[in-house]
Amino acid sequence: MPDSNITKKALAASLKELMEEKPFEKISVGDICEKCQMNRKSFYYHFKDKYDLVNWIFDSGFFRFSSKSSEQSAWEFVGELCGFLYADKDFYRKAFAIKGQNSFSEHFRDFVLPVIAEYLKPVFPDSEIQQFHLNFFSDAFICAIERWLADKDPVSPSEFIELLKSCVTAAAFDALKNLT
């Protein structure tokens, strides 16, 4: 493993430990570095700020976890994503609570937006309408995930996905019913 990954993983582990002890807002880069006995220069060589580190934890973890199959259906992708978030739900519950510029919520939205767009293209070919639907479904999806993880004892990923499917199915059924 290259030294760069060892350093990044040590910083990530330190941040995760600190997030168990105190709120993210009260954690400084100095705290993170002190926890893993590195200097600030090492931190800033790899990350812009502590928000960048949170986003790297997600990116590096999910891309290692994901099957990366191009044949994957939307629901299979959602299943992998929810399974990944659920496996480290305490961390991601806290990560989603971070607000402001460069927050994990913003990063997560940037991550899911192109995926949802790809699945909506055939359904909404008009680009103006598609943008509205893209924002609507992305916001709904992200909010649902945040609320799911915020529960004290969230249902399993498979149960959560079934609930999401039931919402989408009910909305589609209502839309078809109103067309007749």
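Which residues are buried in H4?

**Ground rules.** I am reading a predicted model, where local features need pLDDT of at least 70, side-chain atom pairs count only at pLDDT 80 or more, and totals for chains, interfaces and linings use all residues. Residues are numbered from 1 along each chain as its sequence is written, and side-chain values use heavy atoms, with hydrogens and water left out.

**Whole chain.** I looked up the secondary structure and found 9 helices and 0 strands (helices are DSSP runs of H or I with at least four residues, strands are runs of E with at least two, numbered from the N terminus). Of the 180 residues, 37% count as buried (under 20% relative accessible area, with exposed over 50% and partly exposed in between, using a 1.4 Å probe and protein chains only). I also checked contacts (heavy atoms within 4.5 Å). Among those with a separation of 6 or more, 59% join residues 24 or more positions apart.

**Helix H4.** H4 covers residues 50-65, 16 residues in total, and spans 23 Å from first C-alpha to last, close to the expected 22 Å (1.5 Å times one less than the number of residues). To my opening question: the buried residues are Lys-50, Leu-53, Val-54, Asn-55, Trp-56, Ile-57, Phe-58, Ser-60, Gly-61 and Phe-62. I then looked for what covers them, and the cover includes H1, H2, H3, H5, H6 and H7. At the start of H4, a side-chain oxygen of Asp-49 comes within 3.1 Å of the backbone nitrogen of Tyr-51.

**Leu-18.** I found Leu-18 in helix H1. Leu-18 counts as buried because its relative accessibility is 5%. Leaving aside residues up to four places away in sequence, Leu-18 touches Ile-27, Asp-31, Ile-32 and Lys-35. Asp-31 is 13 residues from Leu-18 in sequence, and their C-alpha atoms are 8.1 Å apart.

**H6 against H7.** I noted that the two axes come within 7 Å and cross at roughly 100° (axes are lines fitted to C-alpha atoms, for helices over the stretch in contact, and angles run from 0 to 180 degrees between N-to-C directions). H6 and H7 are therefore roughly perpendicular (65 to 115 degrees). Tyr-92, Ala-95 and Phe-96 of H6 meet Phe-104, Ser-105 and Phe-108 of H7.

**Ser-138.** My last entry is Ser-138, which sits in helix H8, residues 127-150. Ser-138 counts as buried because its relative accessibility is 0%. Beyond residues up to four places away in sequence, Ser-138 touches Arg-109, Leu-113 and Ile-116.

Key
A polar contact is a pair of N or O atoms within 3.5 Å; within protein, one must be able to donate a hydrogen and the other to accept it, and residues adjacent in sequence count only if both atoms are side-chain atoms. Angles under 35 degrees count as roughly parallel, over 145 as roughly antiparallel, 65 to 115 as roughly perpendicular and the rest as oblique.
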